[in-house]
Amino acid sequence: MTDKDLHPSSTHPPLPPTPEDEQFARLRLLRSRRVGISTYKRLLAEHGTAQNALAALPEVARAAGVSGYEICPEDVVRAELRAGRAAGARLLILGSSPYPAALAELDDAPPFLWMIGQTGVLSRPMISLVGARNASSLGTRMAKALAKDLAKAGYVVVSGLARGIDAAAHHAALETGTIAVQAGGIDVMYPAENTELAGLIPQNGLRLSEQPMGLQPMARHFPARNRIISGLSRATVVVEAAGKSGSLITARDALDQGREVLAVPGHPFDARASGCNMLIRDGAVLVRSAADVLEALAPTLAAAPELPLPAPDAAAAQSKTAPTPQPGKAKRSLRETASLHLQILSRLGPSPVAEDQLIRDLKAPAGQVGPALVDLEMDGQITRRPGGLVAKAV
């Protein structure tokens, strides 16, 4: 079909975008350079549709000081969709019915997830089991016992497909269904030693990834992956973790998301248990068996409300029905904009700060600080972290 077929006469208005066109445009927007989830959501809210946001993106980048900006080419998105079909993967879209409600409620919920396997497990209650890659034999046995017993109790076990505790938990829950959240592309087997396990999981469970097809995982992808692991689940159980462990990042994400955090204690002389012992010291529930996990979750299950799924275009609809003026839209001089950028950067460092706290510290309207943060993110001067945190780019 050509452009002439779509627009037979210049006197006819352009046809409205179809849902498929809009989904394609949204994926293209998300895959564009320097567009994170916060910027993606803000652009959709401001421009109504992804196609409008894509048209405005080069000017947004130029205003942020990025010259020669180019949005993600259409061929790149088409190639990703072809690779997904070739791998037997499907695209799960935020707002669609299979999208897990617990994950959808997060501020930084992935707009798109690639999935391979059985979508039915997404409607069942989930518990995350995470821990050390260099797990001890006792830690591995504990992970298997917890996963097996929690699976028997009706829970889907969620983990990160890493070696050690993750792999043990997945193996033990294969028959009932387990979910593996991958840090790289869903078609990239990492680590390679878990390739066979990754192939077995979709038979009764699911593999998920928010990353593009074919992406090799890098260190920065794992913290982002961890917030999905905890976000899917009602609770996160840490089986073994050192004092500075990725599993502790998952535990912190779970706390930020309002989830339960539980930990298996270990000997004080075992470095692989130091992280778990610290969590217990700081208030995490001590776990000796699956019975402790089920007991800890019992009060939350009795009072747990159903989590509504947001409408696909809720943000766009809200922007259309709210004619109130937006303070962030007010024109500011270049001097005022540069001054605000300097104030923001002077208050940020490598350690993340909550965006709402930053706004309070600046004593500036949120409608002015928000667009300024988008400018700085597009310029690569700041980075956004899960949980509404921002930090100066290193």
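Here is a short chat about how a few labels on this structure were assigned.

Colleague: Before the labels, what are we looking at?
Modeller: It's a predicted model, where local features need pLDDT of at least 70, side-chain atom pairs count only at pLDDT 80 or more, and totals for chains, interfaces and linings use all residues. Residues are numbered from 1 along each chain as its sequence is written, and side-chain values use heavy atoms, leaving out hydrogens and water.

Colleague: Why is Met378 called buried?
Modeller: Buried means under 20% relative accessible area, with exposed over 50% and partly exposed in between (1.4 Å probe, protein chains only). Met378 has 0% relative accessibility, so it counts as buried.

Colleague: Where does Met378 sit, and which residues does it touch?
Modeller: Met378 lies in helix α17, residues 366-378; helices are DSSP runs of H or I, at least four residues, and strands are E runs of at least two, numbered from the N terminus. Leaving aside residues up to four places away in sequence, Met378 touches, among others, Arg33, Thr39, Leu57 and Tyr69 (contact means heavy atoms within 4.5 Å). Thr39 is 339 residues away along the chain, yet the two C-alpha atoms are separated by 8.6 Å.

Colleague: What makes Cys72 buried or exposed?
Modeller: Its relative accessibility is 7%, so Cys72 counts as buried. Cys276, at 0%, counts as buried too.

Colleague: How many disulfides are there?
Modeller: The rule asks for a pair of cysteine sulfur atoms within 2.5 Å, and the count comes to zero.

Colleague: How do you know which strands β10 pairs with?
Modeller: Pairing needs at least two bridges found by DSSP. β10 and β12 (residues 389-392) have two bridges, in the antiparallel sense, with Ala354 opposite Leu389 in β12.
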